[in-house]
Amino acid sequence: MLVIGGGAAGLSLAHRLTENGTAPAVTLIEPPDGPLRPAERTWCYWGAAADGLEEAVGASWSVLRLHGADGGSVTVDPAPFTYRMVRSADFERMVHGRLARTDGARLLRGTAESVRAVPAGTEVRCTLPGGRPLTLYARRVFDSRPLPELPPARTCLLQHFRGWFVHTRTDRFDPAVADLMDFRVPQPTHGLAFGYVLPLAPDRALVEYTEFSRAPLTTEEYESALGRYCRDILGLGELTVERTEQGVIPMTDARFPGRAGPAVYRIGTAGGATRPATGYTFAAVQRHSGAIAAALRDGHDRVPAPHGRRARAMDAVLLRALDTGRIDGPRFFTDLFRRVPAERLLRFLDGTTSLREEWGIGLRTPVRPMLRTAAEVPFLPRRSQPLARTGGNNR
C-alpha cells in the first residue's frame with residue numbers, strides 16, 4: 001500500500017501501521033526538500049494515557065487556563081488528560097526511524113503527481129528529485145494531499161494564526177500552565193480572536209494570535225497583533241523571536257468524501273479529520289489512523305469516518321451561530337470551561353462524549369439562539385468556497 005504525504009496524517013498512519021514492528025508492504029511518499037515540503041509545524045492534543053507518541057512529545061501541561069474578554073480567568077485541571085505538544089521534526093524522525101527498522105516498509109522522497117484507478121488497483125505517478133519519473137502500483141492508496149477546493153458547505157470559517165517562539169529577558173511564564181484561549185485581545189468585527197500561550201520554560205514560550213473569521217490577515221497584521229499581545233496584555237518586556245509559524249485551518253460543515261476512488265482513501269484534513277467547530281485535528285488523525293490499521297489487520301477496508309454524524313451536526317450548528325453573531329464567541333467558550341467539568345468538556349471537543357453528556361453540555365450553552373440555529377441549518381444551501389492554503393498548528 002502507498003501513503004501519500006509526510007504531514008500529520010501520513011506520518012500518523014505510517015506510525016500506526018508499523019507500531020508493532022511489523023507492517024504490510026507500505027511505502028510513505030514524502031515531498032523532497034524544496035518548496036513543496038512544508039515548514040516545521042507544531043501539533044497539540046490532549047491525551048490520558050500512553051499512546052505510542054511519547055518519543056515525539058516535546059512538552060506537556062497538566063493545568064489549562066482561559067482568560068475571558070472581561071479579564072477574568074478560568075483555571076482547570078483536566079486530569080486524567082494532559083495537553084501535549086508534538087513538533088513535526090521530532091514526529092518525522094520517530095516515524096522515519098521506525099520505517100527503516102520495519103521489514104516491508106520504506107520511505108520514498110518524491111512528489112505524487114497523479115493517482116488513478118487501474119485494473120490491478122491504483123497507479124501513482126511520481127517525480128523524484130532531479131526530475132526522474134517513477135510509477136508505482138498498489139492495492140490501496142491513502143492520500144493526505146490538500147484538496148484542490150473545499151466541498152460545498154453551508155458555513156465556512158477559517159482558523160488562521162501566526163505564532164512566535166519567544167525568549168524573554170527575564171522569567172515570565174509558568175511552565176505548568178497552558179493558556180488555551182486568551183480573549184483579552186481586541187475582537188474583530190466578525191468572528192473572534194484569542195491569544196494562545198504554551199510555556200516551554202520560565203523564559204521561553206510559543207505565543208500565538210488566532211482568529212476564527214472568513215479571511216486570513218496579512219503577515220504585517222499578524223505581527224502587529226502579536227506585538228500588542230506580548231507587550232500590552234502579557235507584559236513580556238524585552239524578548240527575542242527565535243522562530244515563527246503560521247497557518248490556516250478550515251472550519252467548515254462541508255462533507256468530505258472518505259474515498260477518491262475504489263481503492264483511494266482520503267486521510268487528514270482532506271478526509272474530514274479537522275473538527276469543524278474547533279480546528280483540532282491531531283487527535284482525530286490518531287484515532288482514524290488506528291482504525292485504519294486495525295481494519296487492515298482484520299482483512300477489511302471499512303473504517304469509520306474521523307468524526308461521527310452527531311458531532312458533525314452539532315458543529316454545523318455552532319459554526320452557523322458563530323458566523324451569524326447569534327452567540328458571543330469569547331463568552332461562549334469561556335462559559336463552557338466555567339460550567340462544564342474539564343475532562344468532560346475536552347472529550348466533547350474531541351467528539352468522544354455520549355449523547356447524555358452532550359445533552360447536559362448543550363443546556364449550558366445559550367439555548368434559544370442555538371435552537372433557532374439548529375432549526376435553520378438543515379434548510380441552508382451548500383455553496384462552494386474558495387480554498388485558503390491550510391497547514392500549521394493542527395491542534
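Q: In E17, which residue is the bridge partner of Gly-195?
A: Tyr-209. Keep in mind that this is a predicted model.

Q: How do E16 and E17 pair, and over how many bridges?
A: Antiparallel, over 9 bridges. E16 covers residues 192–201, and E17 covers 204–213. The two strands form a hairpin, with 2 residues between them.

Q: What about E14 and E17, which sense and how many bridges?
A: Antiparallel again, with 10 bridges between E17 and E14 (residues 156–168). In that pairing, Val-166 faces Ala-205 of E17.

Q: How many residues of E17 are buried?
A: 9 of its 10, so it is mostly covered, taking buried as under 20% relative accessible area.

Q: Switching topic. What is the strand order in the open sheet of 6 strands?
A: E8-E2-E1-E12-E20-E19, with mixed pairing. The average twist is 20° from one strand to the next.

Q: How do E1 and E12 run?
A: Parallel, joined by 3 bridges. Leu-2 sits opposite Val-141 in E12.

Q: Which helix lies across E1, E2, E8 and E12?
A: Helix H1, residues 8–18, running at about 160° to E2.

Q: Now the largest nonpolar core. Which residues touch the most other members?
A: Trp-46, Tyr-83, Leu-180, Leu-198 and Phe-337, out of 47 residues. Helix H5 (309–324) gives the most to this core, with 6 residues. Another core, of 31 residues, lies apart from it and includes Leu-53 and Phe-142.

How values were computed
Residues are numbered from 1 along each chain as its sequence is written. This is a predicted model: local features need pLDDT of at least 70, side-chain atom pairs count only at pLDDT 80 or more; totals for chains, interfaces and linings use all residues. Side-chain values use heavy atoms; hydrogens and water are left out. A nonpolar core is a set of buried Ala, Val, Leu, Ile, Met, Phe, Trp, Tyr and Cys residues joined through side-chain atoms within 4.5 Å. Buried means under 20% relative accessible area, exposed over 50%, partly exposed in between (1.4 Å probe, protein chains only). Helices (H or I, at least four residues) and strands (E, at least two) are DSSP runs, numbered from the N terminus. Two strands pair if DSSP finds at least two bridges between them. Axes are lines fitted to C-alpha atoms, for helices over the stretch in contact, and angles run from 0 to 180 degrees between N-to-C directions. Contact means heavy atoms within 4.5 Å.
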